[in-house]
Amino acid sequence: MNEQFTRRTFLKLAGVGAAGALLAACAPKAPGTTQPAEPTKAEGEVAATPAPAETKRLIFSSYTWSSFEAAMGSVIDDFVAANPDIEVERQFVPQTEDYWAKIQTQVAGGTPPDVGMSDYGHLVSYAKSGILLSVSDLVAGSGFPIDKMLPGAVAQYRWAAGDIDSGSEGGNLWGLPSDAQGQLFAYNKNMFDEAGVAYPTDDWTWNDLVAAGKAITNADANKWGFLVPPSGMWVRGWYAWQAGGEFVSADFKTATFTSPGVVESIKWLWDLIYTEKIAPPPGLQAATNPFMSGQVAMTLDGIWWVADFATITDFEWDMAMLPKHPQTGSRLTTVESDGWWIYKSTQEVEASWRLMSYLAGEAGQAKLGDLNFVVPSNFPEVGRAWYTRTPPEHRSKALDNIVAESRKNFLTFFEVWTVLGACLPPIDAAFADGTDIQAAIEECNTVAQQELDKAWELLNQA
Amino acid sequence: MRKQTLSGMRRQEGFLGWLFVAPMALGICIFQIYPTLFSMYISFTEWNLLRAPRWIGIRNYVNLFTEERYFLKAMSNTGVYALGTIVPGIALGIVFAILLNQKIAGRFVYRAIYFIPVVAPTVALGVLWQWIYEPQFGILNAVLKVFGIQGPAWLGSTHWAMRSMIIFALWQGLGFNIVIFLAGLQSISTEYYEAAEIDGANTLQRFLHITLPLLSPVTFFMLVTGVIGACQDFVTPYILTAGGPANATLMAVMFLYGKAFREQHMGLASAVAYILFVVIVTLTLINFRLGKKWVYYEEGM
């Protein structure tokens, strides 16, 4: 007697089919183009360039904000048009922190991109971990005009094994800067006019800033003279260095937050809020910059704010050179640079270098500058064009400042955010609550020393 | 037709059962059990994701209590936040549920209004409350100014930041608490209240001796889930304060996140996760133990 096709039989077959489909879906992918390379070549040695017999595929990765993705896409389109043998897959991640979490996960999973946005704060740990390709030989061999770039920008991407910080002259190049971002000193012309105060000049010192702030500030009307930046901003170094101080010793072994110049600069900022009362107490601003909302007459912040400030329509604003330190006469600005680097696991070294050198070179820089996204002061001709645009009228003051007096920013050393994350909170508390700033600086220095010792220990591990 | 023995049929049914749960079981093994065990292994290593993990034994756990300056601060902040949100949250939930359980016109509209913050994205609500708390031109300080009070820098003050965050969390979670307690109230038989009325019990006595005891299973549920949720809260401090100012609102999961993704110390972060797990399990067990003393089930009355 034939067996009937029962419900039980149907369910058995369906179950087997579903299990089979699930196993097929979970099957590992065939190896892609980004398998880790064999560790046979020495540091910096360039692989032999293969004949471009077929299309080379690259993965390019970056974080994005505003319409940066569209701008970068446009630049890469130009590159691809000029290099038809290369295809570029783009991966953009909306938030910076999320981007680095993704990159780390990709590296751990063996699937990093070929070319990616770099970060000066990650350079030492990434280069030390052996996941970056040194581009020193590629630069030398291709004649890339690295000498035209700002020294402070390039220094962020030089590192020698055993160093805790980037910047040593003998170090290899592990990436190329895409920009050179300093500080801008912007002021609200309307607020100056209402208070009858003359606009800032190139001769301004810290004292002139305070005097103007006092004349402009009307706390009851929520109008303030100056906006004190958060610690994560001023720890880049410009105030302390203008005052002749250093956060650490030259060999990076000793924390020196209690050096006179550093103490003076931090106390000066604290005094602006609680003694001179020309700056609002730090509160977490919701969605707008107080300068943009017309609450604050002067701000000293990153040049990257120009793109946002350019949308201001409620008042007129302009830029000036950074006020000088009254004793040292220094108006030093710090330089920080995003950039590009090549992951060592790439199977397409030559193509990756072509993409990276295009993005960091004059053509890519000019295009990004046209799109108002970076401060391309690496190349004077290209950079000058960006700085002569308006608004504001004197945007070029920021470039003059960088060219005249600038230095690689402080946030480039190994374990930077572990050290600063531990030592800055006492100072943050003093700024938030108006408590004893001197005691806070001393506590910060003690913690910084402990964390610096731990960073060295970690660096020296194999 | 082939005869099947009883044990053969059982084996066949067992096999079919396993076949149908296999996809789910496989998923649990791959996406939950394996990562949990891997994370436990990582907690005994030093790993920055860029190189292979390096075995260091229990050093991460020791460092958390001896060298990490803000771990205990994060744990104590988490405790304060839990206490500040759970107890008032339950009390307010009961009060509002009783009010909304009355037969008043528009009660369904009121219930919907209170529930809106529960369904709205926490990120959006967080940004909204950043504006409310804004010290210079936020609505809260503007209202206080009308009464001659100088409002503080709510989220910018180490003294007020945690209090501000607790107020936000209570406001956001109130709707959920109301709904749960409302269901509990509506499950209480009216016979108890009628009998109590006949015996001469007043409103307060009926509340204390009928409502609260019979709501105790729901209260117990809210307590247990509240502790677990408060200890794991990340979005609220991340959006409102980013753990500041000066780590005043740094909570355990934010601390873990910073160690993992800002400082690339995956081993330390995994150790934090396991310590948090032990704390939560311990508190839950304590709740269950103590619950035997004060939770009343209707069949026991």
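Trainee: What span in Å should the 12 residues of α13(A) have at 1.5 Å a residue?

Mentor: Helices are DSSP runs of H or I with at least four residues, strands are E runs of at least two, and both are numbered from the N terminus. The expected span of a helix is 1.5 Å times one less than its number of residues. For α13(A) the end C-alpha atoms agree with that rule, and the span both ways is 16 Å.

Trainee: Before we go on, what pLDDT do local features need here?

Mentor: Residues are numbered from 1 along each chain as its sequence is written, while chains are lettered from A and ligands numbered from 1 in the order in which they are written. pLDDT is the predictor's confidence in each residue, from 0 to 100. This is a predicted model, where totals for chains, interfaces and linings use all residues, side-chain atom pairs count only at pLDDT 80 or more, and local features need pLDDT of at least 70.

Trainee: Back to the helix: how many of the 12 residues of α13(A) are buried?

Mentor: A residue is buried if 20 or more other C-beta atoms, placed from the backbone, lie within 10 Å of its own; it is exposed at 12 or fewer and partly exposed in between. The buried residues of α13(A) include A:V349, A:W353, A:L355 and A:Y358. The helix is largely enclosed by the rest of the structure, because the buried count is 11 of the 12.

Trainee: Is A:S352 buried or exposed?

Mentor: A:S352 sits in α13 of chain A, which covers residues 349-360. It has 27 other C-beta atoms within 10 Å, so A:S352 is buried.

Trainee: Which residues does A:S352 contact, leaving aside its neighbours within four places in sequence?

Mentor: Two residues are in contact if their C-beta atoms, placed from the backbone, lie within 7 Å. The contacts of A:S352 are A:L58, A:D114, A:V115, A:I342 and A:T346.

Trainee: Zooming out, what share of the residues of chain A counts as buried?

Mentor: Chain A has 19 helices and 13 strands. Among its contacts between residues at least 6 apart in sequence, 74% join residues at least 24 apart. Of the 462 residues of chain A, the buried share is 48%.

Trainee: How far apart are the centres of domain 1 and domain 2 of chain A?

Mentor: Domain bounds come from an automatic or database domain assignment, which gives domain 1 (56-181 + 337-394) and domain 2 (183-335 + 415-459) in chain A. Taken over C-alpha atoms, the separation of their centres is 29 Å.

Trainee: And how many residues does domain 2 of chain A bring to its contact with domain 1?

Mentor: In chain A, domain 1 puts in 15 residues and domain 2 puts in 16.

Trainee: What radius of gyration does chain B have?

Mentor: The radius is taken over C-alpha atoms, and the globule rule is 2.2 Å times the number of residues to the power 0.38. The C-alpha trace of chain B spans about 75 × 65 × 35 Å along its principal axes. A compact globule of 301 residues would come out near 19 Å, but chain B has 25 Å.

Trainee: How far apart are the centres of the two domains in chain B?

Mentor: Chain B has 12 helices and two strands, assigned to domain 1 (6-55) and domain 2 (68-300). Nine residues of domain 1 of chain B are in contact with eight of domain 2 of chain B. The centres, over C-alpha atoms, are separated by 34 Å.

Trainee: Last one: which element gives the most to the side of chain B that touches chain A?

Mentor: The model scores ipTM 0.82 and pTM 0.84, and chain B has a mean pLDDT of 91. The contact takes 38 residues from chain A and 34 from chain B. α1 (6-42), α5 (122-133) and α11 (252-262) of chain B each supply at least two residues of the chain B side. With five residues, the biggest giver is α1(B).
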